[in-house]
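Please read it alongside the sequence and the coordinates.

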Amino acid sequence: MREIRDGIFWTGKVDDRKVPFHRLILEKGTSYNSYLIKDEKNVLIDTVDFMFGKEFTDRLGSEFDLMKLDYIVINHTEPDHSGALGSVARKAKNATILCTEIAIPELMEMYKLGIERFRAVKDNETLSIGRRTLRFLHTPYLHTEETMVTYLEEEGILFTCDIFSTHVADTRLLASELEAGESFDPDFIGYYSLIMDPHRRYVKPLLDKIEGLEISMIATSHGYILDKEVDRYIGIYRKSSEKVKDVRTVILYNSMGGNTKRLAKLLGEELEKTGISTEVIDANVRPREEILAKVIDADGILVGASTKYADISGNLEGILAELKDMDLQGKVAGAFGSYGWSGEAAHVVQDYLKEAGMKVLTTEEAVRTTGMDDVSFPLRVRFRPEDSMDAVRAAAAYFADKVRY
Ligand SMILES: Cc1cc2nc3c(=O)[nH]c(=O)nc-3n(C[C@H](O)[C@H](O)[C@H](O)COP(=O)(O)O)c2cc1C
C-alpha cells in the first residue's frame with residue numbers, strides 16, 4: 001500500500017511482464033491500480049487482474065482489516081479490474097459492492113456472489129462516506145456498457161478505471177514522479193487510440209459530464225496516476241475524439257412501396273447530423289454511369305433494397321454486379337433494407353459489397369471491434385423504418401465513425 005493523498009492509498013499491482021491483452025502484447029507491461037479510501041466508511045475502488053486476485057487480497061488483508069471495509073466500488077466489470085472481487089468480498093463480509101445496474105448480473109455470475117452483496121448506483125448519485133463524498137457518473141461504452149467513473153468530491157480525485165490510462169509498468173506511480181523532460185505522452189495517446197478511439201462517440205458525453213468538476217488528480221486503473229497537467233490530458237482526449245475528416249458518402253437504394261426509400265432518407269438525415277455530407281440516390285431513377293461515378297467519388301456507401309420474393313427488388317442488382325470490376329478498396333460500405341417476413345435482400349446486397357472488396361460493416365465486426373451490441377449490419381427493418389429508429393440511429397452513427405477514422 002502506498003499513500004497517495006492523506007488517507008488515500010494505492011493498493012494495486014505493477015505487472016512488468018509482456019502482458020497478453022485484448023489480442024495484443026503489452027511490451028511495456030501495465031499496472032492494475034486499486035485504491036483504498038479510509039474515512040468513517042472505508043472504500044475500496046476497483047481491484048486487480050484476475051491472475052493476481054489472491055495475492056492482492058492476502059496483501060491487502062495483511063495491511064488492513066477487511067472486516068472494516070464498507071464499500072467496494074467496481075467501476076468496470078472486466079476481470080483486469082474486478083479480478084479480486086470474489087476473494088475480497090468473501091473476506092470483507094460487511095462490504096457492499098457498488099456498481100451500475102447492468103454490472104450486477106455480470107459480477108454475480110463471474111464471482112459467484114449473491115445479489116444481497118450489491119447495490120446499484122444511479123448516474124450522478126452521491127454517497128457520503130464521512131468527511132468525504134463519492135459521486136458516481138455513468139460512462140457507458142467507455143469502454144463497455146456497464147462502465148462508470150467515481151469522483152471523490154472534497155479531494156477532486158476522479159477514479160476513471162480504463163479511461164485516461166496508460167499501459168506501462170512503472171513503480172513510480174505518479175506522473176509527477178517522472179524526471180523533467182521524461183514524457184509518457186506517446187504511451188498515453190497510443191492507449192487512447194487502441195482502447196478508447198473505437199468508442200470515440202462516447203468520449204464527448206464523458207468530457208461534457210466532467211467539464212464542471214474540479215479535478216486535481218485522475219486516478220486511473222492502468223499506468224500513471226495523473227496528478228499534474230490534468231487539463232492537458234483531458235484536452236488530448238477532447239482533441240483526439242473531435243478530429244474530423246471531411247468525407248463524402250452516397251446512399252443508394254431501391255424501394256417498391258417507399259419503406260426502403262424512407263429508410264435511406266432517415267439514414268441520410270442521421271449522417272448529416274454527424275456533419276457528414278451525403279447524397280441519397282434512387283437506383284431506378286438516375287443513370288447507371290452517374291451512379292457509378294458517385295460511388296467512385298465517395299469514401300463510404302450504403303446500399304439498400306427491399307425484399308421481393310426472397311430477393312432484391314428493382315434493377316439495383318445490375319449496378320451491384322458492376323462494382324466488383326471497379327477499384328473500391330478502402331471504401332466503407334454497409335447494406336440495409338426493409339422487409340416483411342424473411343428479409344433476404346439486405347444480405348444479398350451485402351454479399352455484392354463484399355465481393356467488390358470494400359470494408360463491409362457487419363454486426364459481427366462491430367461486436368468484435370467495439371463490443372457494441374446495438375449496431376446491426378446489414379440493417380434490416382420490418383416494414384416501416386420509423387418503427388426501428390434506435391437501430392437506424394445506431395447504424396448511422398457507427399457507419400459515420402467508420403468512414404471518418
Ligand atoms: C410482391 C412482394 C413480394 C414480397 N416478398 C417478400 C419476401 O419474400 N420476404 C420478405 O421478407 N418480405 C417480402 N415482401 C414485403 C416487403 O419486403 C415489405 O413490404 C417491405 O417493407 C417493402 O419495402 P419497400 O416499400 O421499400 O419496397 C414482399 C412484398 C411484395 C409487395
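Which residue in β2 is the bridge partner of R2? The partner is W10. This pairing belongs to the antiparallel arrangement of strand β1 (residues 2–5) and strand β2 (residues 8–10), which are joined by three bridges. The two strands form a hairpin with two residues between them. G7, in the turn of that hairpin, has a positive phi of about 80°.

## Overall architecture

The model is predicted. Its secondary structure comes to 13 helices and 24 strands. Along the principal axes, the C-alpha atoms fill a box of roughly 75 × 50 × 40 Å. Of the 405 residues in the protein, 43% are buried. Among contacts with a separation of 6 or more, 69% are between residues 24 or more positions apart.

The domain assignment gives domain 1 (2–242) and domain 2 (248–404). Their C-alpha centres lie 40 Å apart. Contact between them involves six residues of domain 1 and six residues of domain 2. On the domain 1 side, the touching residues divide by class into two nonpolar, two polar and two charged.

UniProt, in an unreviewed entry, places the feature "domain: Flavodoxin-like" at residues 249–400. In the model, this span is 42% helix and 24% strand, and its end C-alpha atoms lie 9 Å apart.

## The shell around the ligand

The shell around the ligand has 20 residues, of which M256, G257, T260, S306 and G340 come nearest. By class, the shell divides into six nonpolar, 12 polar and two charged residues. At least two shell residues come from each of α8 (259–273), β20 (307–308) and β22 (332–339). The largest share, three residues, is supplied by α8.

## A buried parallel pair

Strand β8 (residues 42–45) and β9 run parallel and are joined by four bridges. Within this pair, L44 has I72 of β9 as its bridge partner. Strand β9 (residues 69–73) is largely enclosed by the rest of the structure, because four of its five residues are buried. In a regular strand, side chains alternate between the two faces of the sheet.

The loop between β8 and α1 (53–63) contains D46. D46 is not a glycine, yet its phi is positive, at about 55°. Is D46 buried or exposed? D46 counts as buried because it has 27 C-beta neighbours inside 10 Å.

## D299 and its contacts

D299 is found in the loop between α9 (288–297) and β19 (300–305). This residue has 17 C-beta neighbours inside 10 Å and therefore counts as partly exposed. Leaving aside residues up to four places away in sequence, D299 touches V247, R248, T249, K331, V332 and V403. One of these, K331, is 32 residues from D299 in sequence, while the C-alpha atoms of the two residues are 5.2 Å apart.

Most residues other than glycine have a negative phi, and most peptide bonds are trans. The table lists exceptions of both kinds in this model.

| Site | Feature | Value |
|---|---|---|
| D46 | positive phi, not a glycine | about 55° |
| C161 | positive phi, not a glycine | about 55° |
| L142 and H143 | cis peptide bond | omega about 5° |
| F377 and P378 | cis peptide bond | omega about 5° |

Where does C161 lie? The residue is placed in strand β15 (residues 157–161). C161 counts as buried because 28 C-beta neighbours lie inside 10 Å.

H143, joined to L142 by a cis bond, lies in the loop between β13 (133–138) and β14 (148–152). P378, joined to F377 by a cis bond, lies in the loop between α12 (363–370) and β24 (379–382).

Conventions. Residues numbered from 1 in each chain as written. Predicted model: local features only at pLDDT ≥ 70, side-chain atom pairs only at ≥ 80, totals over all residues. Near = placed C-beta within 6 Å. Nonpolar A, V, L, I, M, F, W, Y, C, P; charged D, E, K, R; others polar. UniProt positions renumbered as here; feature names shortened; annotations may be inferred. Domains from an automatic or database assignment. Contact = placed C-beta atoms within 7 Å. Buried ≥ 20, exposed ≤ 12 C-beta atoms within 10 Å, placed from the backbone. Pairing = 2+ DSSP bridges.
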